[in-house]
Amino acid sequence: MSVTTGPTYIWGAMFPESAVRDSPRDLQGGELQAALLGMFCERRWAEHTLEVIARADPHSVAGFRFNAASTRAADLAPWPAGRITALGDAVHATPPTAGMGAGAAIRDAASLLEHISAAANGTTTLTDAVGDFETGMRRRGSEVLTLAMKTVRWILATDTTLGAAATAVSTPILAAAARLRH
């Protein structure tokens, strides 16, 4: 477990498996950091981004493979409602894109609290409250997964020579447009 005591950068990179390049999956620490830095350099990322990666403590750099649940609500954990339930990634595993999984888990917890409160107030049974929560959670989970997977599909689409070139051209333009709006 790592504990931070001051300002901290938390960064991540998602690179699809590719027949064109070696997989960084089996690399660790400094080797993984160097491979990621090379991938970002290859894609001509901004110097300040490269500096964040280069200055990272090599012992803090780790890689993992992620999986995602189905985006269809009907596929998300349909089980009989009871006194025990699950929420967040335990039900709708979400890829690490834009913190959507964490946000979904927080919404799940708030919804569960509302439903349990209704049972505590006597307006429904605990089993019905949990069942209603689970129905809503599967719907919300499906929506979050659909949005998260759009980002994953974008990453996959740009992991080509043409996609990398389009990204290299469009990113500075989009960044300049964002600065002009402020």
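In this predicted model, the face of helix H1 turned away from its buried side carries the exposed residues Glu31, Ala34 and Glu42. The mean pLDDT of the chain is 83, and 91% of the residues reach 70 or more. The structure holds three salt bridges, and its largest nonpolar core has five residues.

**Confidence**

- Among the elements of the chain, H3 has the highest mean pLDDT, at 92.
- Helix H5, which covers residues 161–181, has the lowest mean pLDDT of the elements, at 82.
- Where pLDDT is low, predicted coordinates should not be read in detail.

**Helix H1**

- H1 runs over residues 29–42 and has 14 residues. At 1.5 Å a residue it should span 20 Å, and this agrees with the 20 Å between its end C-alpha atoms.
- Its buried residues are Gly29, Leu32, Gln33, Leu36, Met39 and Phe40. Seen down the axis of H1, these buried residues fall within an arc of 125°, so they line one face of the helix.
- An α-helix has 3.6 residues a turn, so residues three or four places apart point the same way.
- The buried residues of H1 pack against H2.
- Just after H1 comes arginine 44, with a positive phi of about 60°.

**The largest nonpolar core**

- The five residues of this core are Leu32, Leu36, Met39, Ala56 and Val61. Leu32, Leu36 and Met39 are also among the buried residues of H1.
- Leaving aside neighbours within four places in sequence, valine 61 is in contact with Trp11, Gly29, Leu32, Gln33, Leu36 and Ala56.
- In soluble globular proteins, nonpolar side chains tend to be buried together.

**Helix H3**

- H3 has 21 residues, which should span 30 Å at 1.5 Å a residue. The end C-alpha atoms are 30 Å apart, in agreement with that value.
- Gly101, Ala104, Asp108, Ser111, Leu112 and Ala119 are the buried residues of H3. They cover an arc of only 110° around the axis, which puts them on the same side of H3.
- The face turned away from the buried side of H3 carries the exposed residues Ala102, Ile106, Leu113, Glu114 and Ala120.
- The buried residues of H3 pack against H4.
- Glycine 122 follows H3 and has a positive phi, near 85°.

**Salt bridges**

- Arginine 140 forms a salt bridge with aspartate 108, with 3.2 Å between the closest N and O atoms. Arginine 140 lies in helix H4 (residues 126–158) and aspartate 108 in helix H3, so the pair ties together parts that are 32 residues apart in sequence. Both arginine 140 and aspartate 108 are buried.
- Arginine 55 and glutamate 51 meet through their side chains in another salt bridge, at 3.3 Å from N to O. Both residues lie in helix H2, four residues apart, or about one turn of the helix. Arginine 55 is exposed, at 67% relative accessibility, whereas glutamate 51 is partly exposed, with a relative accessible area of 40%.
- The side chains of arginine 139 and glutamate 143 also form a salt bridge, at 3.7 Å from N to O. Arginine 139 and glutamate 143 are four residues apart in helix H4, so about one helical turn separates them. Arginine 139 is partly exposed at 45% relative accessibility, and glutamate 143 is partly exposed with a relative accessible area of 44%.
- Side chains of opposite charge can pair when their charged atoms come close.

- Serine 111 is placed in helix H3 and counts as buried because its relative accessibility is 10%, under the 20% cut-off.
- Serine 111 is 22 residues from phenylalanine 133 in sequence, with 6.5 Å between their C-alpha atoms. Leaving aside neighbours within four places in sequence, serine 111 is in contact with Phe133 and Arg140.
- Threonine 94 lies in the loop between helix H2 (47–55) and helix H3 (100–120). Threonine 94 is buried, with a relative accessible area of 9%.
- Apart from neighbours within four places in sequence, threonine 94 is in contact with Asp89, Met100, Gly101, Val144, Leu145 and Ala148.

Note on methods. Residues are numbered from 1 along each chain as its sequence is written. This is a predicted model: local features need pLDDT of at least 70, side-chain atom pairs count only at pLDDT 80 or more; totals for chains, interfaces and linings use all residues. Side-chain values use heavy atoms; hydrogens and water are left out. Helices (H or I, at least four residues) and strands (E, at least two) are DSSP runs, numbered from the N terminus. Buried means under 20% relative accessible area, exposed over 50%, partly exposed in between (1.4 Å probe, protein chains only). Contact means heavy atoms within 4.5 Å. A nonpolar core is a set of buried Ala, Val, Leu, Ile, Met, Phe, Trp, Tyr and Cys residues joined through side-chain atoms within 4.5 Å. The expected span of a helix is 1.5 Å times one less than its number of residues. The arc is that of the directions from the helix axis to the C-beta atoms. pLDDT is the predictor's confidence in each residue, from 0 to 100. A salt bridge is a side-chain nitrogen of Lys or Arg within 4 Å of a carboxyl oxygen of Asp or Glu.
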